[in-house]
Amino acid sequence: MEGLRRLEYRGYDSAGVAVVTADGISMAKKSGKLANLIAELAANPLPASMTGIGHTRWATHGGPTDKNAHPHVVDDGKLAVIHNGIIENYAPLKADLLKQGYTFVSETDTEVAAVLLGDIYRSLTEVEGAAGSEGTGALLTEAMQLAAQRLEGAFTLLATHAGQPGIVVAARRNSPLVVGLGDGENFLGSDVSGFIDYTRRAVELGQDQVVTISANSVEITDFYGAPAQGKEYLVDWDAAAAEKGGYPSFMEKEINDQPEAVAQTLLGRSDIDGKLILDELRIDAEVLKTINKIIVLACGTSAYAGQVAKYAIEHWCRIPTEVELSHEFRYRDPIVDEKTLIVSISQSGETMDTLMAVRYAKEQGAKTVSICNTNGSTIPRESDAVLYTHAGPEIAVASTKAFLAQITAAYLLGLYLAQLRGNLFQGQIKDILADLAKVPAKIAKVLDNAEQIKELATSMADTRTVLFLGRHVGYPVAMEGALKLKELAYIHAEGFAAGELKHGPIALIEEGQPVIVVVPSPRGRDSLHSKVVSNIQEVRARGAKTIVIAEEGDESVREHAEHVFYIPETTPLLAPLLTTVPLQIFALALATAKGYDVDQPRNLAKSVTVE
Ligand code: F6R
């Protein structure tokens, strides 16, 4: 239950467990959050057992009902199966199995895989006699290998069979799975948080592998039974890091973790002379010098981090930089070659859309760098190089600290390229790094002043729509602010480039419409400040209620705004690391005022491992 609780952020449409006992499989499953399953088990406990599987679901095929919940038990109550991902050829497989006389009780693709596995297991038993052996060679292992060969799409499948108590067998393709190595006990999890209470020793599984665990053994093969190896590593955080630490929600904790997240991401990546040392970036310097285009691939919040980074990378490195949603990139015949550097950004490192886009780019000969927050996850593993964001585990479904850490890491990458290619003087890089080093303390200052924005948000709980405006790096920040509000408070929100408003969206403005504006610093030669102030006036003249995020000391915005929130001074390119924070707090407080679960917003899941 503890493991499922830690993994619940990945999906919370239903939860279930199955344990193996002398009499067969005992199972409990319930639609809705894990709490429903816990209540069910309190009322009707399962028998004691040493082997079991559990699952929390994010619905793909079939609604979030008890019947569609996992595990799916087949083979006369002897085989239990759970599954993440999508089995793309489930329809023809199901048609085949129906012809053979099998029946189905759910609408899921998972049950098809379970029935197929049961069918293969049964025919192996007929050929090889009664099963009983453990480890590789176990019939369940062989059945899983054969089943996996027939499945298409993305899957992590776990199975346990009453005929082979003491083992759990799993197969993975395009979907995450890690092994936890305990002492006299072993674990499987979609990520390490599932077993972090018990062990920090983990083994990454490769693509298309089957693993069989018992209390004392871990045996890995490919889908054809050939022995294979996983890579062992030590998780660099512990169970305490995955707790709320006294905050009412993970999201609030993670917003407050942000000074640390940025500081940790900067740590140890430059020397005293301001020279960047990115040891992990194992792509030949000569190759990086020949890069003539960068494409950033990401989704959601991570894509907004990429959009912020584009401004900095182009400014510092003079390399044309595109930012593209991973799921759009792959299907538009993009122009990619050996001189393209692909920078993927993913908190989880498992987002299927991004993984597929990276694979596609690699096939075209591009070099790939992953900016990622999850050690050992698939995208960094499949990339040529990785730059980890050291934000610590992000549990709340809506991303916050990962976003700031991603911008920080992407900036380090940009500065590194500029250093390598001689676009900036070492002194300039040193100055930017010094400014970056001051950011954590400035974020802490924004957090200290959170009360004012919380009060405003709480007073706006009945708001039906909010617009966000920004220019330059403030534009992706505006979009991120809108996304946070949509996903947490279920309020319609849009982020616009402030200059675009007059080309259409200004028609949306009516009396009392809240508009949140990210205002750039008034300092500096090329400041866009006055342009944004004009945009504020334009919406205000049409009745908008303006809420402004501006730099400390910028008194000129006061007369144009109902509310002003000040952030500490910084350079224009670093401002997103500060201006985002009040927008996160705004969404958190408004959703809280509406009584919503900010850690697990409806319909969402943290790791989107389906396309
Ligand atoms: C929004 C959010 C999502 C993710 C997106 C990509 O708060 O969390 O938009 O940013 O699903 O996820 P990763 O970064 O794991 O690839």
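A salt bridge is a side-chain nitrogen of Lys or Arg within 4 Å of a carboxyl oxygen of Asp or Glu. The model is predicted: local features need pLDDT of at least 70, side-chain atom pairs count only at pLDDT 80 or more, and totals for chains, interfaces and linings use all residues. Residues are numbered from 1 along each chain as its sequence is written, and side-chain values use heavy atoms, with hydrogens and water left out.

**Salt bridges**

Side chains of opposite charge can pair when their charged atoms come close. Over the whole structure, a search finds 32 salt bridges. The table sets out four of them.

| Pair | Closest N and O atoms |
|---|---|
| Asp 66 and Lys 30 | 3.5 Å |
| Lys 454 and Glu 252 | 3.2 Å |

The positions below refer to helices (H or I, at least four residues) and strands (E, at least two), which are DSSP runs numbered from the N terminus. Accessibility is given in classes: buried means under 20% relative accessible area, exposed over 50%, and partly exposed in between (1.4 Å probe, protein chains only).

In the salt bridge of Asp 66 with Lys 30, distant parts of the chain are linked, with Asp 66 in the loop between strand 3 (52–57) and strand 4 (72–74) and Lys 30 in strand 2 (residues 24–31), 36 residues apart. Asp 66 is partly exposed at 33% relative accessible area, and Lys 30 is partly exposed at 24%.

Because Asp 208 lies in the loop between strand 10 (201–204) and strand 11 (209–213) and Arg 173 in strand 7 (residues 168–173), the pair ties together parts that are 35 residues apart in sequence. Asp 208 is partly exposed, with a value of 25%.

Arg 523 is partly exposed at 38%, and Glu 569 is partly exposed at 38%.

A network of salt bridges links Glu 2, Arg 5, Arg 6, Asp 197 and Glu 243.

**Domain 2 and domain 3**

The chain is divided into domain 1 (2–240), domain 2 (244–444) and domain 3 (449–605), with bounds that come from an automatic or database domain assignment. The C-alpha centres of domain 2 and domain 3 lie 25 Å apart. Contact (heavy atoms within 4.5 Å) joins 32 residues of domain 2 with 31 residues of domain 3. Together these two domains bury about 2600 Å², 72% of it on carbon and sulfur atoms; buried area is the accessible area (1.4 Å probe) that two parts lose on being put together, summed over both. One salt bridge is found across the interface of domain 2 and domain 3. On the side of domain 2 that touches domain 3, the elements giving two or more residues are helix 6 (250–256), helix 9 (300–317), helix 13 (401–421) and helix 14 (426–448). Helix 9 gives the most, with nine residues.

**A buried histidine**

His 161 belongs to strand 6 (residues 153–161) and is buried, with a relative accessible area of 1%. Leaving aside residues up to four places away in sequence, His 161 touches Val 20, Asp 75, Lys 78, Leu 79, Tyr 121 and Leu 140.
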